[in-house]
Amino acid sequence: MYTVTKRMEVSGAHALRLPYESKCTRLHGHNWIIEVTCRREELDENGMVVDFHHIKDVVKKLDHQNLNAILSMNPTAENIAKWIHDQVPYCTKVMVQESEGNVAVYED
């Protein structure tokens, strides 16, 4: 089994849609640390699990953006992790760190 992991930092803003009062319902930003892990039994014809550039292209769609305008769901760290997972081939795990001590993980 082959595994690759790419770690990146992106800046983005969001405003959560919540049924209770919270400062997070106001537009605010984070420097997100995102780690994407892909796993595959056999390498492709190029000797890769997935090209790191492909992972970067997906994650960079979020960089310096208002995530409410990009994502169709509530832009929580959990939903961001799932959104990335669904766009990267052979992705098995996505970690999204919103701030120090606040991390969401989606894995299959």
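Here is a chat about the sheet, the annotated residues and the cysteines of a predicted model.

Biologist: What should I know before I start reading this one?

Modeller: This is a predicted model, in which local features need pLDDT of at least 70 and side-chain atom pairs count only at pLDDT 80 or more, while totals for chains, interfaces and linings use all residues. Residues are numbered from 1 along each chain as its sequence is written, and side-chain values use heavy atoms, with hydrogens and water left out.

Biologist: OK, in what order do the strands sit in the sheet?

Modeller: The order is 3-1-2-4-5, in an open sheet of five strands with mixed pairing. Strands here are DSSP runs of E with at least two residues, helices are runs of H or I with at least four, and both are numbered from the N terminus; two strands pair if DSSP finds at least two bridges between them.

Biologist: And which strands are at the edges?

Modeller: Strand 3 and strand 5, the latter covering 102–107, are the edge strands, and each pairs on one side only. Strand 3 runs parallel to strand 1, with two bridges joining them, and within that part of the sheet G12 stands opposite Q65 of strand 3.

Biologist: Which pairs are antiparallel, then?

Modeller: Strand 2 pairs with strand 4 in the antiparallel sense over six bridges, with V36 opposite V94 of strand 4. Strand 4 also pairs with strand 5 in the antiparallel sense, again over six bridges, and there S99 has N102 as its bridge partner. The hairpin of these two strands has two residues between them, and G101 in that hairpin takes a positive phi near 90 degrees.

Biologist: How much of strand 4 is buried?

Modeller: Strand 4 is mostly covered, since seven of its nine residues are buried. Buried means under 20% relative accessible area, exposed means over 50%, and partly exposed is in between, using a 1.4 Å probe and protein chains only.

Biologist: What does helix 3 lie across?

Modeller: Helix 3, residues 77–87, lies across strand 2, strand 4 and strand 5, and runs at about 145 degrees to strand 4. Such angles run from 0 to 180 degrees between N-to-C directions, with axes taken as lines fitted to C-alpha atoms, for helices over the stretch in contact, where contact means heavy atoms within 4.5 Å.

Biologist: Switching topic, which residues does UniProt list for "binding site"?

Modeller: The unreviewed UniProt entry lists H14, H28 and H30 under that feature. They span 17 residues in sequence, yet no two of their C-alpha atoms are more than 8.4 Å apart, so they gather at one spot. UniProt positions are given in the numbering used here, feature names are shortened, and annotations may be inferred rather than shown by experiment.

Biologist: Is H14 buried or exposed?

Modeller: H14, which lies in strand 1, counts as buried at 1% relative accessibility. Not counting residues up to four places away in sequence, H14 touches several residues, including W32, P75 and E98.

Biologist: What about H30, where is that found?

Modeller: H30 is found in strand 2 and counts as buried too, at 15% relative accessibility. Leaving aside neighbours within four places in sequence, its contacts include V10, H14 and E98. The side chains of H14 and H30 also make a polar contact at 3.3 Å, which is a pair of N or O atoms within 3.5 Å; within protein, one must be able to donate a hydrogen and the other to accept it, and residues adjacent in sequence count only if both atoms are side-chain atoms.

Biologist: Which residues have the "active site" feature?

Modeller: The unreviewed UniProt entry places "active site" at C24, H64 and E98.
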